[in-house]
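Hi,

Here is the structure I promised to pass on. Have a look at it first, then read my notes below with the model open beside you.

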Amino acid sequence: MKERRGGHIGTISGLALLTGTTALAAVAGGQHSIFATMLLGLLSLGMAHSLFVEIRRQARRRATWSRHDTVNTVVLAAFGETALLITIIAGNPEPVRTVGPILSLTYAAACARFVTDRRRAIATAQPTPAHSDQRRARSDEDRGRAATPTRL
């Protein structure tokens, strides 16, 4: 059966970007009420959950490593690096410098999870030589039976 799901770049990068910016917006000063800050924080947690679900879905496809996988890995690593750079830049308020390392570690964990799950999915999708030899022998037997007429 052919795999119907393909690799997507925009879904993971969009969710990752929205998660980080929402988390930063929740803590980045301004005239937020506590209610708005709590809602933005909960929204970023919900998007983080969606990001990890999408990473798991993308990683468990049954195909070889493709360009989409490389781009998703690079995007997640770049977002982690950007979150770390935002933390280092002077002049940011204390809450932003607190959220930056958390985002950076989360992006790094997401990147590692994606690569690990993707490699496992590829390893289980490719048959081992013993299995392919058995399948080949069975198919040769089936062809041999179909080629010889049966006598009654």
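H1 crosses H4 in a right-handed way. Keep in mind that this is a predicted model. The two helices pack at an angle of about 160°, and their axes are 9 Å apart. Angles over 145 degrees count as roughly antiparallel, so H1 and H4 are roughly antiparallel to each other. On the H1 side the contact is made by Ile12, Ala16, Leu17, Thr19, Gly20, Ala23, Leu24 and Val27. H4 brings Pro95, Val96, Val99, Leu103, Tyr107 and Phe114 to it. What kinds of residues are these, by class? The contact of H1 with H4 has 12 nonpolar and 2 polar residues, and no charged ones.

Now look at H3, which covers residues 67–88. H3 and H4 pack at about 165°, with 7 Å between their axes. That makes H3 and H4 roughly antiparallel too, because the angle is over 145 degrees. The crossing of H3 with H4 is left-handed, though. Quite a few residues take part: among them are Leu76, Phe79, Gly80 and Ala83 of H3, and Gly100, Leu103, Tyr107 and Phe114 of H4. By class, the contact of H3 with H4 splits into 14 nonpolar, 6 polar and 3 charged residues.

How do H2 and H4 lie, roughly parallel or roughly antiparallel? Their angle is about 25°, with the axes 8 Å apart. Angles under 35 degrees count as roughly parallel, so that is what H2 and H4 are. Their crossing is right-handed. H2 gives Phe52, Ile55, Arg56, Gln58 and Ala59 to the contact, while the H4 residues include Ala110, Arg113, Phe114 and Asp117. The contact of H2 with H4 is made up of 6 nonpolar, 2 polar and 4 charged residues.

One last thing to find is the largest pocket, with a volume of about 210 Å³. Helices H1 (10–27), H2 (34–59) and H4 (94–125) are the elements that each give two or more residues to its lining. There are 13 lining residues, and Thr19, Ala23, Ser44, Leu45 and Leu103 lie nearest the centre of the pocket.

Happy to go through it together whenever you like.

Cheers

Definitions and conventions:
Residues numbered from 1 in each chain as written. Predicted model: local features only at pLDDT ≥ 70, side-chain atom pairs only at ≥ 80, totals over all residues. Heavy atoms only, no water. 1 Å grid on protein atoms, 1.4 Å probe; cavity = no way out; pocket = protein on both sides within 12 Å on 5 of 7 lines; lining within 4 Å. Points joined across faces, edges and corners; volume = space filled by probe spheres on them. Helix = DSSP H or I, 4+ residues; strand = E, 2+ residues; numbered from the N terminus. Axes fitted to C-alpha atoms, helices over the stretch in contact; angles between N-to-C directions. Parallel < 35°, antiparallel > 145°, perpendicular 65-115°, else oblique. Left-handed = near helix turned anticlockwise from the far one by under 90°. Contact = heavy atoms within 4.5 Å. Nonpolar A, V, L, I, M, F, W, Y, C, P; charged D, E, K, R; others polar.
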